[in-house]
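Good morning, colleagues. Please have the structure open as I speak.

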Amino acid sequence: MQELNLPKYEIRIGRKDGRLTIFDFLRRRYVALTPEEWVRQHFTHFLVEHKSYPQGLLANEVELSVGDKSLRCDSVLYDRELRPRMIVEYKAPHIKLTQKVFQQIATYNLLLHVDYLVVSNGIEHHCVKMDYENEKYLFLEDIPEYKNL
């Protein structure tokens, strides 16, 4: 897998039915190792180990329903009252982070109404703080520490 612009961690790789898997410490199981999953595992470890996000308040593959349509957020951070605070959308390293990616995460946010939106392809990472009162958003220079959310 491609080297990412994220800190290294102790990766646990497995194999199931001849396919590579990677251990997802949030879901506590091995999942298919895809380029996007490679980014997700590195990024969630980064949030927990380097930005002090509580592991118990992060969830991967959060399903949302709109009528009979089902959507899936890559990762969601909750506050201590279990209200969504941040949505994170991952793309494979070769995928450019375009306006289309931001539209995708903004669609999820119509349902969750979070304070922060993050997109990452493992190379580039962008974080937006929502300002609902003034109907705008602010691009942050870095992913904030948990205590600064």
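I shall discuss salt bridges, then backbone angles, and finally a surface patch.

The model is predicted, so local features need pLDDT of at least 70 and side-chain atom pairs count only at pLDDT 80 or more, while totals for chains, interfaces and linings use all residues. Residues are numbered from 1 along each chain as its sequence is written, and side-chain values use heavy atoms, with hydrogens and water left out.

Let me begin with the salt bridges. Side chains of opposite charge can pair when their charged atoms come close. The criterion here is a side-chain nitrogen of Lys or Arg within 4 Å of a carboxyl oxygen of Asp or Glu. By that rule there are 13 salt bridges.

One of them joins Asp142 to Lys51, with the closest N and O atoms 3.1 Å apart. Because Asp142 lies in the segment after β9 and Lys51 in the loop between α1 and β4, this pair ties together parts that are 91 residues apart in sequence. Helices (H or I, at least four residues) and strands (E, at least two) are DSSP runs, numbered from the N terminus. Are these two partners buried or exposed? On our scale, buried means under 20% relative accessible area, exposed over 50%, and partly exposed in between, with a 1.4 Å probe and protein chains only. Lys51 is buried at 8%, whereas Asp142 is partly exposed at 46%.

Arg83 and Asp79 also form a salt bridge, at 2.9 Å from N to O. Here Asp79 is buried at 9%, and Arg83 is partly exposed at 47%. In the bridge between Lys8 and Glu3, the N to O distance is 2.7 Å; Lys8 is exposed at 62%, and Glu3 is exposed at 56%. There is also a network of salt bridges, which includes Asp24, Arg27, Glu37 and Arg40 among its members.

I turn now to the backbone. Most residues other than glycine have a negative phi. Ser52, however, has a positive phi of about 60 degrees. Ser52 sits in the loop between α1 (35-50) and β4 (58-66) and is partly exposed at 49%. Glu135 likewise has a positive phi, near 55 degrees. Glu135 is in the loop between β8 (125-131) and β9 (136-140) and is exposed, with a relative accessible area of 75%.

Finally, the surface. Which residues make the nonpolar surface patch? Ile11, Ile13 and Leu20 make it, with an area of about 220 Å². Patches are made of residues with over 30% relative accessible area and no salt bridge, like charges being joined within 9 Å and nonpolar side chains (Val, Leu, Ile, Met, Phe, Trp, Tyr) within 5 Å. Accessible areas come from the Shrake-Rupley method with a 1.4 Å probe, and for residues only the protein chains shown count as cover. Leu20 lies in strand β2 (residues 19-24) and is partly exposed at 40%.
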